[in-house]
Amino acid sequence: MLLIIYSVLLLVFFLLLRKVLVRMKVVSKFSTNRRLDGKVAIVTGGSDGLGFAISTELVQKGAIVFILSRNQSKLSAAASKLRKYAVPKEFSSNDELSSSLQYKNETVITCQVDLSDLESVREFIDFYKQKNRKVDILINNAGLITNEVKVSPQGHDLVMATNYLGHFLLTESLLIDSQPTTIINITSDMSSLFGRIDSEHPGQISLNAFQKLLNVNNLVYMNYSYAMAKKAMEMYSQHFMTSLNFSGSSRMFCANPGLLNTNFMSNWPNWMEKLLKPILLRTAMKSPADGVHVVMKCLFLPEVHEQNVNEQFGLVFKGVKSYKSLNYYPDVECEQLYRNTRLLLSQWITDTS
Ligand SMILES: NC(=O)c1ccc[n+]([C@@H]2O[C@H](COP(=O)([O-])OP(=O)(O)OC[C@H]3O[C@@H](n4cnc5c(N)ncnc54)[C@H](OP(=O)(O)O)[C@@H]3O)[C@@H](O)[C@H]2O)c1
């Protein structure tokens with residue numbers, strides 16, 4: 001009798017789980033025929049996965065796109081694919097892009113940058129600023145998850161360094177208060193897991209004793225460090241929109257694309273990729289192009305909803321709906337995290353104004 005009850009409960013559990021996973025696959029689409037001609041965009045991790053799909057859309061809409069990642073041959077291959085989508089455009093000397101005129105025949109510029117290495121990010125910033133006055137669109141997309149503890153060249157946790165510190169440095173160094181930029185940080189459902197971030201030590205991940213006990217195959221570390229890095233980017237977004245955006249000209253969003261069929265899982269433990277991926281592919285996983293809708297929604301939001309837009313900046317979007325408000329995290333913690341991150345990176349940050 002007990003066996004029958006357990007079997008029925010298990011069946012109900014799997015049916016419910018399947019329902020949840022299938023719902024995750026639904027793509028809420030956003031489309032607009034508005035263009036981005038002459039706009040300059042930077043996409044981190046633009047050589048692959050979601051970043052490549054976002055870059056494709058930006059290039060098709062007429063933007064000049066800088067794609068950043070670590071591997072030059074992947075970057076070159078991605079760039080030659082992207083250039084096929086580019087719409088030829090004549091630039092005049094009065095063009096808004098005059099500071100970037102040396103790119104007038106270029107729609108895609110590849111930059112070999114390791115986001116986890118602050119020196120490498122700094123080099124890119126110097127290179128970029130020599131030729132460009134401003135950036136119109138910054139997509140902080142590059143990300144990784146690792147199933148073992150690794151450290152960055154400067155000794156920070158590698159996942160925190162790549163997903164948070166590198167993007168923080170890039171954003172703080174490139175933004176100019178008087179010039180409007182739309183910044184979109186790619187986040188994940190995972191940001192809601194595992195409680196609070198250690199805002200005193202933004203470059204470190206420290207598992208507590210209980211978590212260490214559970215740390216089978218480093219599964220806990222893998223999910224924890226990733227969740228913390230995403231949480232940190234969301235807290236940065238909240239602080240940016242509530243306290244830093246003095247002129248009100250820029251806007252920052254977080255976009256959650258949902259589960260995507262990319263190379264992202266290649267750093268999961270082998271057994272997880274083999275066991276989980278086929279199930280997720282059939283149920284929850286979408287294509288990288290499906291993940292672009294939420295990014296475009298954020299990019300064009302001000303034009304789409306002309307009223308009350310200020311209330312929508314800084315929000316976390318998934319599909320066409322926002323699901324976390326500006327005050328999701330305690331303001332004091334966001335402020336503390338911001339201050340300590342600035343302190344940690346003070347050697348690399350040069351203010352723009
Ligand atoms: N896939 C999902 O299910 C999913 C779900 C929610 C959120 N996301 C988020 O979506 C974003 C994109 O992920 P994806 O799925 O497209 O992953 P992906 O296919 O693995 O692509 C990651 C991109 O980031 C680059 N990258 C990785 N580490 C880097 C570093 N240290 N410096 C510079 N570039 C680096 C990679 O190029 P190189 O390796 O050549 O450097 C690649 O271009 C991530 O932020 C991820 O957290 C993904």
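1. A polar side-chain atom of K74 lies 3.3 Å from an oxygen atom of the ligand, which makes it a polar contact (a pair of N or O atoms within 3.5 Å; within protein, one must be able to donate a hydrogen and the other to accept it, and residues adjacent in sequence count only if both atoms are side-chain atoms). For Y226, a polar side-chain atom is 2.4 Å from a ligand oxygen atom. D48 takes part through its backbone, with a polar atom 3.4 Å from an oxygen atom of the ligand. The ligand taken alone exposes 890 Å², and the protein buries 94% of that; accessible areas come from the Shrake-Rupley method with a 1.4 Å probe, and for residues only the protein chains shown count as cover.

2. This is a predicted model, in which local features need pLDDT of at least 70 and side-chain atom pairs count only at pLDDT 80 or more, while totals for chains, interfaces and linings use all residues. Residues are numbered from 1 along each chain as its sequence is written, and side-chain values use heavy atoms, with hydrogens and water left out.

3. The shell around the ligand holds 29 residues, of which the closest are L50, R70, N141, Y226 and T262; a residue is near the ligand if one of its heavy atoms lies within 4 Å of it. By class, 10 of the shell residues are nonpolar, 14 polar and five charged. Here Ala, Val, Leu, Ile, Met, Phe, Trp, Tyr, Cys and Pro count as nonpolar, Asp, Glu, Lys and Arg as charged, and the others, Gly among them, as polar. Two elements give two or more residues to this shell, α2 (49-60) and α7. Helices (H or I, at least four residues) and strands (E, at least two) are DSSP runs numbered from the N terminus.

4. Helix α7 covers residues 219-244, and its 26 residues should span 38 Å at 1.5 Å a residue; the end C-alpha atoms are 36 Å apart, which agrees. The expected span is 1.5 Å times one less than the number of residues. In α7, 22 of the 26 residues are buried, so the helix is largely enclosed by the rest of the structure. Buried means under 20% relative accessible area, exposed over 50%, and partly exposed in between (1.4 Å probe, protein chains only).

5. The count of aromatic pairs comes to nine. Rings of Phe, Tyr and Trp (its six-membered ring) pair if their centres lie within 6.5 Å; planes under 30 degrees apart count as stacked, over 60 as edge-to-face and the rest as tilted. The ring centres of Y226 and F264 are 5.5 Å apart with the planes at 55 degrees, so this pair is tilted. Since Y226 lies in helix α7 and F264 in the loop between β6 (251-256) and α8 (270-282), the pair ties together parts that are 38 residues apart in sequence. Y226 is buried at 8% relative accessible area, whereas F264 is partly exposed at 29%.

6. Y236 and Y338 form a stacked pair, with 6.2 Å from centre to centre and 10 degrees between the planes. Y236 lies in helix α7 and Y338 in helix α10 (residues 331-344), so parts 102 residues apart in sequence are tied together. Both Y236 and Y338 are buried, with Y236 at a relative accessible area of 2%. The C-alpha atoms of Y236 and M252 are separated by 9.4 Å, at 16 residues apart along the chain. Elsewhere, F66, F124, F127 and Y128 form one aromatic cluster.

7. L193 is in the loop between β5 (182-186) and α6 (209-213) and is partly exposed at 39% relative accessible area. Its C-alpha atom is 7.9 Å from that of Y224, 31 residues apart along the chain. L344 belongs to helix α10 and is partly exposed at 30%. L344 and L165 are 179 residues apart in sequence, and their C-alpha atoms are 9.2 Å apart.
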